[in-house]
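Subject: Structure for you to look at

Hello,

Here is the structure I said I would pass on. Please open it beside this email and follow along as you read.

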Amino acid sequence: MESVTPLKLAEVRGKKAKANSAPELEAVVRETARLWRKAHLDYDQSKYVVERVRRLLELDPPAKRRRVVERLSPEEVERLLAAAYRLNPRKPVFGLMLKTLFYTGVRVSEFVHLRVQDAHLDGEAPHVYVHRAKKGSVRYVPILPALAQELRVHLAGRSRGYLFESNRHDRYSQRAIQKLIQAAAREAGIPKRVYPHLLRHSVAQILLDRGMPLEGLQKFLGHRDPKTTQIYAESSLASVGESYRRVWG
């Protein structure tokens, strides 16, 4: 393998961090490991070398940026769902699909795999069982009684198959859901880019703004790491406004 010289290190430094630069970086990693192994560096010594190299190359840490979650306003959500029902009056299932996707807050990859038996629509606490969740986790997501009733009408006694099926009695693809959302956004006159995960962001932000504790939101979304949920608290204008008003009495 060709050795990595300081000049090559500078070249790597000068290039933007893109996915296609991974092989070059991997070459640097392998060559660095070879040199460190030859020098028998321990953990503390390797940390010292890293810091010295950063100083020699005058590398500064990136400026910290507060992440802001994109979302739809409650009014935009209402317009989007109403538009989805209007897309095909003979097939109101399109509106029901987006309503279910929004109110459950599930990922689109989870949504398309929901089965009829995953929807527990009777009783005082209707919910859906999400079994194709990220990293193999599972969770139960509550749904509103009105939505449960609408799903019962949609199923019309059907007890097998996917919760929402195409004309071929197969599950919808994630791409099909994305196209449906885009069509509803155009019908609703929403200029911003609307995509499936935006509905998940939107319901999370609305729930938090309306008083759901962060711990409850974490369980609802199925986040393993509370730091992932914390971003919604950082983006909550309602929370900031409440604190602002409290300070000023």
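Before the first pair of helices, one definition: an axis here is a line fitted to C-alpha atoms, for helices over the stretch in contact, and angles run from 0 to 180 degrees between N-to-C directions. Please also keep in mind that this is a predicted model.

With that, look at helix H10 (residues 214-221) and helix H11 (residues 226-234). Their axes come within 9 Å and cross at roughly 115 degrees. The crossing of H10 and H11 is right-handed. On the H10 side, the residues that meet H11 are Leu214, Leu217, Gln218 and Leu221. On the H11 side, the partners are Pro226, Thr229, Gln230, Tyr232 and Ala233. Sorted by class, this contact of H10 with H11 has 6 nonpolar residues, 3 polar ones and no charged ones.

Now the protein as a whole. It has 249 residues, and 33% of them are buried. Its secondary structure comes to 12 helices and 3 strands. Among contacts with a separation of 6 or more, 61% are between residues 24 or more positions apart.

The second pair is H5 and H9. Helix H5 covers residues 93-104 and helix H9 covers residues 196-209; their axes are 7 Å apart and the two pack at an angle of about 50 degrees. That angle makes H5 oblique to H9. H5 passes H9 in a right-handed crossing. Which residues meet there? From H5 they are Leu98, Leu101 and Phe102, and from H9 they are Leu199, Ser202, Val203 and Ile206. The residues of this contact divide into 6 nonpolar, 1 polar and no charged.

H5 has 12 residues, which at 1.5 Å a residue should span 16 Å; its end C-alpha atoms are 16 Å apart, so the two values agree. Is H5 enclosed or open? It is largely enclosed by the rest of the structure, because 10 of its 12 residues are buried. Among the buried residues of H5 are Val93, Phe94, Gly95, Leu96 and Met97. Leu98, Leu101 and Phe102, which meet H9, are also buried. After H5 comes Gly105, whose phi is positive, near 70 degrees.

H9 has 14 residues and reaches 21 Å from its first C-alpha to its last, close to the 20 Å expected at 1.5 Å a residue. H9 is mostly covered, with 11 of its 14 residues buried. The buried residues of H9 include Arg200, His201 and Gln205. They also include Leu199, Ser202, Val203 and Ile206, which meet H5. H9 is followed by Gly211, whose phi is positive, near 110 degrees.

One residue links the two parts of this email. Ala204 is found in helix H9. Why does Ala204 count as buried? Its relative accessibility is 0%, and buried means under 20%. Leaving aside its neighbours within four places in sequence, Ala204 is in contact with Leu217, Leu221 and Tyr232. Ala204 and Leu221 are 17 residues apart in sequence, and their C-alpha atoms are 7.7 Å apart in space.

Regards

Note on methods
Residues are numbered from 1 along each chain as its sequence is written. This is a predicted model: local features need pLDDT of at least 70, side-chain atom pairs count only at pLDDT 80 or more; totals for chains, interfaces and linings use all residues. Side-chain values use heavy atoms; hydrogens and water are left out. Helices (H or I, at least four residues) and strands (E, at least two) are DSSP runs, numbered from the N terminus. Angles under 35 degrees count as roughly parallel, over 145 as roughly antiparallel, 65 to 115 as roughly perpendicular and the rest as oblique. A crossing is left-handed if the near helix is turned anticlockwise from the far one by less than a right angle, and right-handed if clockwise. Contact means heavy atoms within 4.5 Å. Ala, Val, Leu, Ile, Met, Phe, Trp, Tyr, Cys and Pro count as nonpolar, Asp, Glu, Lys and Arg as charged, and the others, Gly among them, as polar. The expected span of a helix is 1.5 Å times one less than its number of residues. Buried means under 20% relative accessible area, exposed over 50%, partly exposed in between (1.4 Å probe, protein chains only).
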